[in-house]
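Hi,

Here is the structure I said I would pass on. Have a look, and then read my notes below.

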2 protein chains.
Amino acid sequence: MTKQTRLNRSIRAWMDVFLHRSMRGWWRFARSTGLSMPQFSMMMQMYHYGACGMSEVSERFEITPAAASQLADKLVQSGLIMRQENPNDRRAKLLDLTQKGRELIEQGIEERYRWVAEMEARLTDEQRTQISEALDLMTRIGQDLEVDPVH
Amino acid sequence: MTKQTRLNRSIRAWMDVFLHRSMRGWWRFARSTGLSMPQFSMMMQMYHYGACGMSEVSERFEITPAAASQLADKLVQSGLIMRQENPNDRRAKLLDLTQKGRELIEQGIEERYRWVAEMEARLTDEQRTQISEALDLMTRIGQDLEVDPVH
DNA sequence: CTTGTTAGTTAAGCATACTTAAATTTATAA
DNA sequence: TTATAAATTTAAGTATGCTTAACTAACAAG
């Protein structure tokens, strides 16, 4: 068991409230659009990291290239992503969100962050500053730790 | 589009780093145990909210009672949860984690929070206090907002 | 220009997670 | 006590997501 410091407890409590709410929100949104989680996640990846090749998808999601290709198929058919030839290497493909796909994700993000506004409304200016500073600090450190042993 | 305040930006940045990392971590852990996400989520629910009836599961996950029952089957067969009669109403069942199931979830939690320790190591005492206070504040408010429009 | 490698697709097959519909058992109310 | 409602389960059928294996096309090197 990890030693329970105050920071540790604070983070856990926050995550309990927050991670749950957030994951649940995303799950609902994905459902409401008729997309499965894998399909939705694939779009999120593209939203965050931009266009990518099929093999990149396959590595990130730890699935076979075949699975990635099939997953992409459905999204292409729905007009949410496009599969183009990579001009530099015609074997490879470039997957990217279509306008329609991007709008869908952005709509989800907006819905998801609505409660941030609600929360903000309940804070004083001082508290807002305090929280911003704390989060920025954590984000910075979190990014440093992003030596993420992916494989 | 939501107005972009500093707090807003801070929260979004934090979420990008952490939500992603955390969700990915859970997903990997679930995979490593051989459980599917729905199976794993069901166990997490029980870990957080304790024993519950089949219909509760069905409502929380927004699936039919039939689906919930089938999902439970697999976990029962794996010895991770138990399905008992509810003594107050013998039509109903009480689902709960077995010892084995609880240990599995706890192991996942430990793994997931390992980075918290890493992060903590990079902070000064002042920073730790600052972050704890900020998170506790947000958690409190987050819980207040938990008027969660479930349906 | 052939030979091997890389990127991706297609097809067949399996497991899982759903659904609806019908059955079972227990509770509740007239 | 009898009828209705509630909490599940079972069965049958569908869609999705994955895998392996076989295939195509493009690049890279000798």
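Around DNA strand C there are 25 residues, and A:S55, A:A66, A:S69, B:S36 and B:A66 come nearest (a residue counts as near a molecule or strand if its C-beta atom, placed from the backbone, lies within 6 Å of it). The elements giving two or more residues to that surface are α3 (54–60), α4 and β2 of chain A, plus α2 (37–49), α4 and β2 of chain B. Helices here are DSSP runs of H or I with at least four residues, strands are runs of E with at least two, and both are numbered from the N terminus. By class, the surface near DNA strand C splits into ten nonpolar, eight polar and seven charged residues (Ala, Val, Leu, Ile, Met, Phe, Trp, Tyr, Cys and Pro are nonpolar; Asp, Glu, Lys and Arg are charged; the others, Gly among them, are polar).

Before you go further: this is a predicted model, where local features need pLDDT of at least 70 and side-chain atom pairs count only at pLDDT 80 or more, while totals for chains, interfaces and linings use all residues. Residues are numbered from 1 along each chain as its sequence is written, with chains lettered from A and ligands numbered from 1 in the order in which they are written.

On to the other strand. DNA strand D is surrounded by 25 residues, the closest being A:S36, B:M54, B:S55, B:S69 and B:A92. Its nearby surface draws at least two residues each from α2 (37–49), α4 (65–77) and β2 (89–97) of chain A, and from α3 (54–60), α4 (65–77) and β2 (89–97) of chain B.

Now the protein pair. Chain A puts 40 residues in contact with 38 of chain B (contact: C-beta atoms, placed from the backbone, within 7 Å). On the chain A side, α1 (6–33), α6 (114–121) and α7 (125–144) each supply at least two residues, and α7(A) gives the most, with 14. That side divides into 21 nonpolar, eleven polar and eight charged residues.

As for symmetry, a rotation of 179 degrees with 0.0 Å of shift along its axis superposes chain A on chain B, RMSD 0.1 Å (least squares on C-alpha atoms of residues with pLDDT of at least 70 in both copies). That is the relation of a two-fold axis. Both copies use the same surface, as 95% of the contact residues of chain A recur in chain B.

Cheers

Definitions and conventions: Contact = placed C-beta atoms within 7 Å.
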